[in-house]
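Please read the following report with the sequence and the model side by side. Which backbone features and which ligand surroundings deserve a careful look?

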Amino acid sequence: MQQWPLHALDGGYENVPFKVFTQRDLDRIEPLQTLPEAMRFEMKVVSTVLPFRVNQYVIDELIDWSNIPADPIFQLTFPQRGMLAPEHYDRIAALLEAGADKATLNAAVDEVRHALNPHPADQMEMNMPRDEEGNRLDGIQHKYRETVLFFPSQGQTCHAYCTFCFRWAQFVGDKELRIAASEASTLHNYLKRHTEVTDLLFTGGDPMVMKTKHLKAYLEPLLEPEFDHIQTIRIGTKALTFWPHRFLGADDAGELIELLQRMVRAGKHVAVMAHYNHWKELDTEAAREAIRSIRSTGAQIRAQGPLIAHINDDPDVWAKMWKMQVKLGIIPYYMFVERDTGARGYFEVPLERAWEIYRQAMQRVSGLARTARGPSMSASPGKVEIQGVTEINGEKVFALRFIQGRNPDWVQRPFFAKYNPDATWLNHLEPAFGEAKFFFEDEYEAIREGKLAAATEA
Ligand SMILES: *Cc1c(COP(=O)(O)O)cnc(C)c1O
Ligand code: SF4
């Protein structure tokens, strides 16, 4: 358990210590001790395989401990037995019960992790650009023409972990699976050469776990004229949920707020891409104060998050969340479909149900909250939105479109898949109307083969 004191920025938020708990500390989380012993053992088993990290703010302010295990934030952060397949669960539980030695346990844990599709959608080889010599540029992903993703090495963790996180693999210490940058100059050199890029998206982990001085080293150089093409700087974060004090009381919070303001005043569009799953995350005084503080800099906050069983598979939850976001000045941006990795068996929602939830939630909010796109799958060919289930010439189909595509020409073209009530991801869908392939498939295969060949050569 780490602990460090924070200094005052303004009244009321000083002296809020960041107190974090991981698997080793399960027995030290007070409210857990009132739960049945069997449940605590289940948590131990699951967190041996999947990452677990929570902090005192989440425990005290976000979770309703009288509503366990149903509480959505409890489901969001604490391991549940159903997150592992029964055979995986039994194997690890048996080893823990038998007091197996470290090597035996680790070997089993590695095997289970590798069975959980740690790198969905070919992220490693398909999206990572290379320099002229063919060397991989670690920490950079460039999949869609306008937007570069950057994974700063100091931001590869989060203030707490989401149980469903598709980046889970990088939190369990598997260095091979990490996507982290070595230094800022790699990023800056890449952006200088790529004037087609308008948007830079910092992601992680959570870049807001970084000290402000590190964030500054990445951001400030972008104010130089050679980066005029970078109009928008997005920062993906869940700190507004897991640790709003990052923007309030932490020792360098004031500097962070100043940095955001400086970027905005220098003409950049700064967008905090806040990850939200539930309105409860917006419902604390600290969360609201942090939102106010960010908005006071002129930076925008846009909200995005996946639709997750046990957490937010309910149109009322989305409608209430979007309404609260609009009220707080946040722009709803994306509803995602949970990715095909990790504990997806526990969290996934059929595509048809996802669309129903989206549709019903949309019907309950005003136009200003209807800016959220979705439900959208971030698949290897692109971001595919489920537009609905309908019938064409007597055939029941899914209507789909690309919101983003590896080839920009695919974007906004409607296409159709055979209706399949069980489908939870793009690879479960087949073309409608007896066609052999979706319109993009040949081109996608060619792009894919080209990238993989380049990767093998290097
Ligand atoms: C979603 C995403 C983006 C950004 O897409 P927008 O539609 O502009 O928000 C960029 N790169 C990757 C890899 C993405 O998944
Ligand atoms: S905040 Fe984002 S990166 Fe961190 S655990 Fe949650 S989903 Fe994953």
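With 11 C-beta neighbours inside 10 Å, Phe433 counts as exposed, since a residue is called exposed if 12 or fewer other C-beta atoms lie within 10 Å of its own, buried if 20 or more do, and partly exposed in between, the C-beta atoms being placed from the backbone. Phe433 is not a glycine, yet has a positive phi of about 60°, and its place is in the loop between strand E14 (414-418) and helix H15 (441-457). Helices (H or I, at least four residues) and strands (E, at least two) are DSSP runs, numbered from the N terminus.

His310, by contrast, counts as buried because it has 20 C-beta neighbours inside 10 Å. His310 also has a positive phi, of about 75°, although it is not a glycine, and it lies in the loop between strand E9 (300-307) and helix H12 (315-327). Most residues other than glycine have a negative phi, and most peptide bonds are trans.

## Basis of the model

This is a predicted model, in which local features need pLDDT of at least 70 and side-chain atom pairs count only at pLDDT 80 or more, whereas totals for chains, interfaces and linings use all residues. Residues are numbered from 1 along each chain as its sequence is written, while chains are lettered from A and ligands numbered from 1 in the order in which they are written.

## Cis peptide bonds

The peptide bond from Ile68 to Pro69 is cis, with omega near 10°, and Pro69 is found in the loop between helix H2 (56-62) and helix H3 (72-77). A cis peptide bond also joins Gly204 and Gly205, where omega is about 15°; Gly205 has its place in the loop between strand E6 (199-202) and helix H8 (212-219).

## Surroundings of ligand 2

Gly204 and Gly205 are among the residues around ligand 2, which also include Cys158, Asp206 and His275; a residue is near a molecule if its C-beta atom, placed from the backbone, lies within 6 Å of it. By class, this shell has 4 nonpolar, 3 polar and 3 charged residues, where Ala, Val, Leu, Ile, Met, Phe, Trp, Tyr, Cys and Pro count as nonpolar, Asp, Glu, Lys and Arg as charged, and the others, Gly among them, as polar.

Around ligand 1 lie Gln141, Lys143, Tyr144, Thr147, Leu149, Ser378, Lys383, Ile403 and Gln404. Two or more residues of this shell come from each of strand E4 (140-144), strand E5 (147-150) and strand E13 (395-405), and E4 gives the most, with 3 residues. The shell around ligand 1 divides into 3 nonpolar, 4 polar and 2 charged residues.
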